[in-house]
Amino acid sequence: MERTIYRACPLCEAICGLEIKTKEREIVSIRGDRDDPFSRGHICPKGVALKDIQEDPDRLRTPLKKVNGDWQEISWDEALNEVTDRLFSTRETFGPDAIGVYLGNPNVHNLGSMTHAPIFYKMLRTKNRYSATTVDQLPHQLVSHLMYGHQFLLPVPDIDHADYMLILGGNPLVSNGSMMTSPDIKNRLKAIQDRGGKIAVIDPRRTETAHMADRHHFIRPGGDTALLLALFKILLDIVEPEKRAHLSNHLDKLDQVADMLDEVSLQDCAKQCGISEADIHSIAAEFATAEKAVCYGRLGVSVTENGTLNHWLIQMINMVTGNLDRVGGTLITDPAIDLVGMNMIGPGGYNRWCSRVNDLPEACSDLPATEMAMEILTPGDGQIKAMIVAAGNPVLSTPNGKQLDRALEQLDFMVAVDFYLNETTRHADIILPPTAPLEHDHYDLTFLMLAVRNVTRYSEAVFDPPAGALHDWQIYDELTRRMAIKMGASVTAKSRAPERLVNLGLAYGPYGKRRGKAPGLSLKKLKDNPHGIDLGALKPGLLKKLRTKNRKIDCLPDLIRDGLSPLLEKLNSYSADAGLKLIGRRHLRSNNSWMHNYDRLVKGKDRCTLLVHPDDLKKYNLGDGTYALLKSRVAEQKVLVESCEDMMPGTVSLPHGWGHDREGTRLDVASAHAGVSVNDFTDDLLRDPIAGTAAVNGVPVSLHALKSDVKV
């Protein structure tokens, strides 16, 4: 029997609508849903690969246990009981902090993980919590917590109405929009130009987005802070206060910011970022004179040594020009399930506890992922003895991956919630594989909070789960119940399924049936509208939602002041480093470290190459398409070199997520296209001193011609 199912793609932040045709348990076709009002029929190669995930013979379907170095299939009861016993024993013997938790990016793309995992982890009461957040978007969240009072009051570029868009360290044509859920991004960007607007891109690489932009400027890796300081200083001088009149009664300490920047030299800033003073003034003038402008910064400005300051400056640029909380600038969403408004998610925090070894502060409930290895390897009270890794591959996705690889071998116990035996989960004692993405329903709790329009959509499962399989939420529910019994706590009836929680969230949300708000949303209404429901354009509303104590925007939080002062003091002492700097990159057919096991996404030309400008190839006596030795403080390894005029001289680039040459995995296709892990070169000692975010962009490296006696 043939069926047609409409649902969202859960693989990236764009959450594009899909039309999936099936026959029995076979996927006949996957295409973009032309009737989805948000994605408008757009689909990228990853969406089509959902068929490959579903049918992948390497995907685990049954719990595995390592016995004398070999993997054996076991029952769910045996697996869940042993995991509970081992974690409980570790906690009782060594204390709650002896258990470490690492949560990978796919957790936020999974409804069941979002609703039920936090209950289990909270029960463990460990402070050793890590996640992909600290090698990604943490500066966004921390700045929102500091300035607006809540980590998820995240202003989103109103891209559909902007006249000018300044993009730093982002490549939305490849990411499909990030911290800015915007499917069909190419047409959305093109629409800016079609209505007479401009797009400017600042990046050490002339990216795919830069190629379609109206202007692109190379910038030295790590120079973003100097550029943003210069732009902000100029804009403070040339933009009339009347342009931000709608904000004026809600701004706290703006005058103090101006005083701090009084001595900033534009000449020093230009020298540090590598963009001329004339070009900086030109960018500022275009931004200031545009009727509706937005400054957007993403990963490239997050994962640097000044990531938090960069995102504070981006917020301040949008604010001082009057584009914060304004149509065509940046706006806060009004999601159908309002996690912030309904107090369903915490506001965040800072320095409520610190890491044991290096005394680094927690930020928004996470310790820096760069600390995991040392917390495992360093003896003493609070040493991590057991790890839970859920939907993550930190050996490939966090700095100095080889050190973490060695550390995981030292654990007394490790459990992974994952359906792949990958470079990280191979260290586990037990692997608990949840159902595949198309075997469970879905609702995007997070990404609808970041969407460039207010939309909502519920995705029903395409297939019933196989007999005996468990969803993520069921795994966590069972672990929670078993652990509660061990702890002597009362055990209630089975918890509510995620869809019931979604129904409650919709009903009591800003458009909910129970609140008498149009269009009267409920789960049934969403199921009756499988293409999704458009709830309208974003509107100003940040000022009404502020969670700071005085209900004002904190323009200069103490943490920012303390971080900015030393940076300003050394701004005029900058001297260019003659060495190379390493940056990452992503590809439309990749998704971090876990989508290289599907032939349709990895076939063709080798994409795991080190991009090098032709002048640097000549300088280091290297040839295009040859191998060279790349060295950093923590590693040296052979890499395939590719000549690329889109690179800024002095900067080289390796893509993120490769390095599938470790033994003991079950990733046949990925292993045949192993590549090199950029995080074998990134340095765990390089981090943002405020948020603790790993500085994986701008890593000092050297490049050498191979010698016959060099072992690589």
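Mentor: A definition is needed before the lining can be described: Ala, Val, Leu, Ile, Met, Phe, Trp, Tyr, Cys and Pro count as nonpolar, Asp, Glu, Lys and Arg as charged, and the others, Gly among them, as polar. By this division, the lining of the second largest cavity holds nine nonpolar residues, seven polar residues and no charged ones. Please keep in mind that the model is predicted.

The second largest cavity contains about 170 Å³ of space, and a search of the whole structure finds six cavities of 30 Å³ or more. Its lining is made up of 16 residues. Those nearest the centre of this cavity are His 140, Pro 155, Tyr 296, Gly 297 and Gln 315. Three elements, namely helix H5 (138-148), strand E13 (293-297) and helix H14 (307-320), each contribute at least two residues to the lining. The largest share belongs to H14, with four residues.

Let us now turn to the protein around this cavity. The protein has 25 helices and 28 strands. Its radius of gyration is 25 Å, close to the 27 Å that the globule rule gives for 712 residues, so the protein is as compact as a globular protein of that length. The C-alpha trace spans about 75 × 65 × 55 Å along its principal axes. Of the 712 residues, 61% are buried. Among contacts with a separation of 6 or more, 74% are between residues 24 or more positions apart. Finally, the accessible surface of the protein is about 27,000 Å², and carbon and sulfur atoms account for 47% of that area.

Terms used. Residues numbered from 1 in each chain as written. Predicted model: local features only at pLDDT ≥ 70, side-chain atom pairs only at ≥ 80, totals over all residues. Heavy atoms only, no water. 1 Å grid on protein atoms, 1.4 Å probe; cavity = no way out; pocket = protein on both sides within 12 Å on 5 of 7 lines; lining within 4 Å. Points joined across faces, edges and corners; volume = space filled by probe spheres on them. Rg over C-alpha atoms; globule rule 2.2 N^0.38 Å. Buried < 20%, exposed > 50% of the residue type's maximum accessible area, 1.4 Å probe, protein only. Contact = heavy atoms within 4.5 Å. Areas by Shrake-Rupley, 256 points an atom, 1.4 Å probe, with all protein chains shown as cover.
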